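Hi,

Here is the structure I promised to pass on. Have a look at it first, and then read on for what turned up.

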Amino acid sequence: MGYEKKQKIKFILFNIFVYGVCVVLVALGASDYLYDQGKLAAIQGGVIVQAEWVGIIPNMHKGGTSTTYNLGYEYIDENGVIYREECSFRLGSLEEAESYMGKNVDIYIDGKGHSIPVYKAKDFNKNGAWALMGIAIGIAVSYTIGLIIWGVIKHKRKNNDTGDNTTSENV
C-alpha cells in the first residue's frame, strides 16, 4: 500500500473519529435534555412530597479508599411509581451519612418517575444539555468548514502545480 493511500485512510479515519465524537456529544446532550425535561416537569407541576433517605453511596477515590459519601432517596407514590435519586452531599464520614438514614427530604414529583429535591430546584440548570449539544454542533460545523477550505486550497494548489508544469514543458 502506497504512502498516499495510507495518508488517505488515516485522514478518513480521523474524520470518522471527529464526527463520531460530535455524534456522541449530541446524543449525551439529548439524553440530558430528556432527563432534565422530567425534572422541569416535576418542578413546574409543583407537587411536593416527602421522600426518605435510604441509601449511602461511597465516592471511591484513588487507592480504593472512600472518604466522602452521597445520599440516595426513594419515594413510591400511590400508583406504585418509584422515584429515586442520588444527591451529592460529599459527607465526610460514614457516621454522618448514616445519621440521615430514615429521615425525610422534600422532593418535587411529576407522576412519571421524575423527581428533584426542593433544595436543588432553586439551582436547577436546564440549559446544560443545550450547551453540550451546541458545542458539539459548533465543533462539527467548524471542522466541516475547515475541511472545505482545506479542500479548496489543496485543489487550487494542485491546479497551479499542473498548470506550471505544462507551461514549463512547452517552453
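This is a predicted model: local features need pLDDT of at least 70, side-chain atom pairs count only at pLDDT 80 or more; totals for chains, interfaces and linings use all residues.

Let's start with the aromatic rings: Phe14, Tyr19 and Tyr143 are joined into a cluster by ring pairs. A pair here means rings of Phe, Tyr or Trp (its six-membered ring) with centres within 6.5 Å; planes under 30 degrees apart are called stacked, over 60 edge-to-face, and the rest tilted. That rule gives five aromatic pairs.

One of them is tryptophan 53 with tyrosine 73: the ring centres are 6.0 Å apart and the planes sit at 75°, so this pair is edge-to-face. It ties together distant parts of the chain, since tryptophan 53 is in strand S1 (residues 47-60) and tyrosine 73 in strand S2 (residues 66-76), 20 residues apart. (Strands, E, of at least two residues and helices, H or I, of at least four are DSSP runs, numbered from the N terminus.) Both residues are buried, meaning under 20% relative accessible area, where over 50% is exposed and in between is partly exposed (1.4 Å probe, protein chains only).

Tyrosine 75 and tyrosine 83 also pair, with centres 6.0 Å apart and planes at 40°, so they count as tilted. Tyrosine 75 is buried at 19% relative accessibility, and tyrosine 83 is buried at 0%.

Residues are numbered from 1 along each chain as its sequence is written, and side-chain values use heavy atoms, leaving out hydrogens and water. The average pLDDT (the predictor's confidence in each residue, from 0 to 100) is 82.

Cheers
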